[in-house]
Amino acid sequence: VLVNIGNHFDLASSIFVAPRKGIYSFSFHVVKVYNRQTIQVSLMQNGYPVISAFAGDQDVTREAASNGVLLHMEREDKVHLKLERGNLMGGWKYSTFSGFLVFPL
């Protein structure tokens, strides 16, 4: 974790918990490992998928997938990434996840 002001991202569970009601921005970038495989990563809000990203070129050893979204969140809402299928290069080592409050409500 490079920045975690307020400690609202729990390292042990890899879950962000909204400290207050508002509009939040989230983005992620992931890298797949092997060719002939597809990866799918979903951004989950309170256990439900909101957006996904895919990388599935069969002839490429390393390929990236990215996505981003603005979400209306209530206090205590939870956001995390879920690897739906595939393998990530170095686990999550070469992947990023970022989120921040844009506008409090």
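Lys82 is partly exposed, with a relative accessible area of 37%, where partly exposed denotes the range between buried (under 20% relative accessible area) and exposed (over 50%), computed with a 1.4 Å probe on protein chains only. The model is predicted, so local features are reported at pLDDT of at least 70 and side-chain atom pairs only at pLDDT 80 or more, whereas totals for chains, interfaces and linings use all residues. Residues are numbered from 1 along each chain as its sequence is written, and side-chain values use heavy atoms, with hydrogens and water left out.

The side chain of Lys82 meets that of Glu84 in a salt bridge, at 3.9 Å from N to O; a salt bridge requires a side-chain nitrogen of Lys or Arg within 4 Å of a carboxyl oxygen of Asp or Glu. Glu84 is likewise partly exposed, at 33%. The structure holds three salt bridges. Another joins Arg75 and Glu76, at 3.4 Å from N to O; Arg75 is exposed at 55% relative accessibility, and Glu76 is partly exposed at 42%. A further salt bridge is formed by Glu63 and Lys32, the closest N and O atoms being 3.7 Å apart. This pair links distant parts of the chain, with Glu63 in strand β6 and Lys32 in strand β3, 31 residues apart. Strands (E, at least two residues) are DSSP runs numbered from the N terminus. Glu63 is partly exposed, with a relative accessible area of 22%, whereas Lys32 is buried at 0%.

β3 and β6 pair in the antiparallel sense over 11 bridges, pairing being assigned if DSSP finds at least two bridges between two strands. Within this pair, Ser25 has Leu70 of β6 as its bridge partner. Three strands form an open antiparallel sheet in the order β6-β3-β8. β6 and β8 (96–104) stand at the edges with a single partner strand each, so one side of each is left without a neighbour in the sheet. β4 and β5 also pair in the antiparallel sense, over seven bridges, and Val41 stands opposite Ala53 in β5. The hairpin of β4 and β5 has two residues between the strands, and Asn46 takes a positive phi near 55° in this hairpin.

Positive phi values occur elsewhere in the model. Most residues other than glycine have a negative phi. Asn7, in the segment before β1 (9–10), has a phi near 55° and is exposed at 62% relative accessibility. Ser14, in the loop between β1 and β2 (15–17), has a phi near 60° and is partly exposed at 40%.

The largest nonpolar core comprises 20 residues, of which Phe16, Phe26, Phe28, Val30, Leu43, Leu71 and Met73 touch the most other members. Such a core is a set of buried Ala, Val, Leu, Ile, Met, Phe, Trp, Tyr and Cys residues joined through side-chain atoms within 4.5 Å. At least two residues of this core are supplied by each of β3 (22–32), β4 (39–45), β5 (48–55), β6 (63–73) and β7 (78–85). Leu71 is in contact with Gly22, Ile23, Tyr24, Phe26, Leu43, Gln45, Val50 and Val79, leaving aside neighbours within four places in sequence; contact means heavy atoms within 4.5 Å.

Phe97 lies in strand β8 and is partly exposed at 27% relative accessibility. Not counting residues up to four places away in sequence, Phe97 touches Phe9, Phe26, Ser27, Phe28, Leu43, Val79 and Leu81. The C-alpha atoms of Phe97 and His80, 17 residues apart along the chain, are separated by 8.8 Å.

Definitions and conventions
Helix = DSSP H or I, 4+ residues; strand = E, 2+ residues; numbered from the N terminus.
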